[in-house]
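Me: I've got a structure to go through with you. Can you take my questions one at a time?

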Amino acid sequence: MNITETTTLDPRQTAARRGLASWKWIKNLLKSPEFILLLVVIGLIAGGWLKNPNMLNEDNLKIMTRDIAILGIAAVGVGFTIITGGIDLSVGSMVGFGGVMVAYFMKEYGWAIWISIIATLGLGGLVGLTHGLFVTKLKMHGFLITLVTMGLARGFVLVITESFPITGLTDDFKYLGQGYFFDLIPIPVVICLVVVALAFYLLRYTYIGRQIYAAGGNAEAARYSGVNVDRRVILAYILSAVCAVVVGMIQAARMGLGHPGTGEGYELLAIAACVLGGYSLMGGEGTIPGVVVGAMLIGVLQNEMVILRIDPYYHKIIIYSVLLIAITIDYARRRRRRV
């Protein structure tokens with residue numbers, strides 16, 4: 001349509017076209033799995049609030065958003081490996097590893113906070129690099145090598161701590177997990193927002209991000225197109241391990257100690273958040289907004305179970321039932337595409 005035609009439209013035609021455009025926008029929004037999941041989250045919060053108004057009081061909101069943020073960072077990290085068609089089962093153990101190592105560096109070596117954090121991040125990156133090399137050079141599935149690390153990392157922190165937590169961390173370090181921005185927003189939420197923004201930019205707006213999707217969608221086709229698939233896969237495992245040790249350091253700061261048992265079961269929660277958020281376990285799919293909403297769903301569900309005083313024995317049953325539903329939906333979606 002040219003400018004002349006536009007100017008000849010009467011007000012009723014213009015209003016009708018605007019209404020049609022708005023309706024199309026709403027229809028597209030309703031087709032978005034992230035938006036549908038967000039509606040489920042809002043419904044859960046509303047239901048919990050009706051049962052117990054304390055669900056939305058300030059103290060509980062701080063706890064809930066902090067827990068969601070911590071899970072969100074781990075989920076963003078493991079999401080990179082899922083996009084490449086792999087998996088990282090070592091996330092929980094790497095959380096414990098990160099928390100213990102940062103505390104170990106500060107207490108045993110007397111290193112400054114920032115040096116301890118950088119050293120811990122470096123160790124996490126080194127573990128992720130090892131995972132990536134095993135996957136790309138030895139053609140080992142990520143499931144196997146990260147399963148090994150899941151046991152090795154947990155065993156390592158038990159050895160160096162003799163299964164006792166490392167205590168006596170400074171208040172400056174504890175601020176990472178216990179502090180608030182403007183006395184309102186938990187610091188882990190701020191860290192999560194930074195991680196989410198960086199991951200979103202990387203995947204959405206960079207050449208490397210598109211190559212990560214291509215490596216997971218069809219690795220052979222990506223290679224023929226000139227993509228260095230091995231480098232992208234290695235990068236994904238490094239990012240996953242680094243995000244896991246970041247979570248470990250936040251948890252250590254939050255508890256005020258480096259506990260060797262921290263992070264147990266975290267890998268499945270992070271993977272569940274990804275699958276709920278639309279990531280395909282076959283690779284090549286998934287968005288950062290999706291994984292954030294997936295983490296929100298699990299975080300709200302966990303918080304609601306506590307607020308409503310549901311027997312803790314049922315918590316895992318409920319969470320893993322949600323994971324089963326998400327995986328079933330993922331498989332059903334892929335079968336429908338094949339047809």
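Me: What share of the contacts in the protein chain with a separation of 6 or more is between residues 24 or more positions apart?

Reply: 76% of them. Contact here means heavy atoms within 4.5 Å. Some ground rules: this is a predicted model, where local features need pLDDT of at least 70, side-chain atom pairs count only at pLDDT 80 or more, and totals for chains, interfaces and linings use all residues. Residues are numbered from 1 along each chain as its sequence is written, and side-chain values use heavy atoms, with hydrogens and water left out.

Me: How many helices and strands are in the protein chain?

Reply: 15 helices and 2 strands. These are DSSP runs: H or I of at least four residues for helices, E of at least two for strands, numbered from the N terminus.

Me: And what is the radius of gyration of the protein chain?

Reply: 22 Å. A compact globule of 339 residues would be near 20 Å, so the value agrees. The radius is taken over C-alpha atoms, and the globule rule is 2.2 Å times the number of residues to the power 0.38.

Me: How much of the protein chain is buried?

Reply: 46% of the 339 residues. Buried means under 20% relative accessible area, exposed over 50%, and partly exposed in between (1.4 Å probe, protein chains only).

Me: Switching to cysteines. How many disulfides?

Reply: The count is 0. A disulfide needs a pair of cysteine sulfur atoms within 2.5 Å. For Cys192, the nearest cysteine sulfur is that of Cys243, 9.5 Å away.

Me: Now rings. How many aromatic pairs turn up?

Reply: 8 across the whole structure. Tyr104 and Tyr109 have ring centres 5.7 Å apart and planes at 70 degrees, so they are edge-to-face. Phe200 and Tyr205 are also edge-to-face, at 6.0 Å and 75 degrees. Rings of Phe, Tyr and Trp (its six-membered ring) pair if their centres lie within 6.5 Å; planes under 30 degrees apart are stacked, over 60 edge-to-face, the rest tilted.

Me: Which charged end sits over the ring of Tyr180?

Reply: That of Lys62, 4.6 Å from the ring centre. The rule wants NZ of Lys or CZ of Arg within 6 Å of the ring centre and within 35 degrees of the ring normal.
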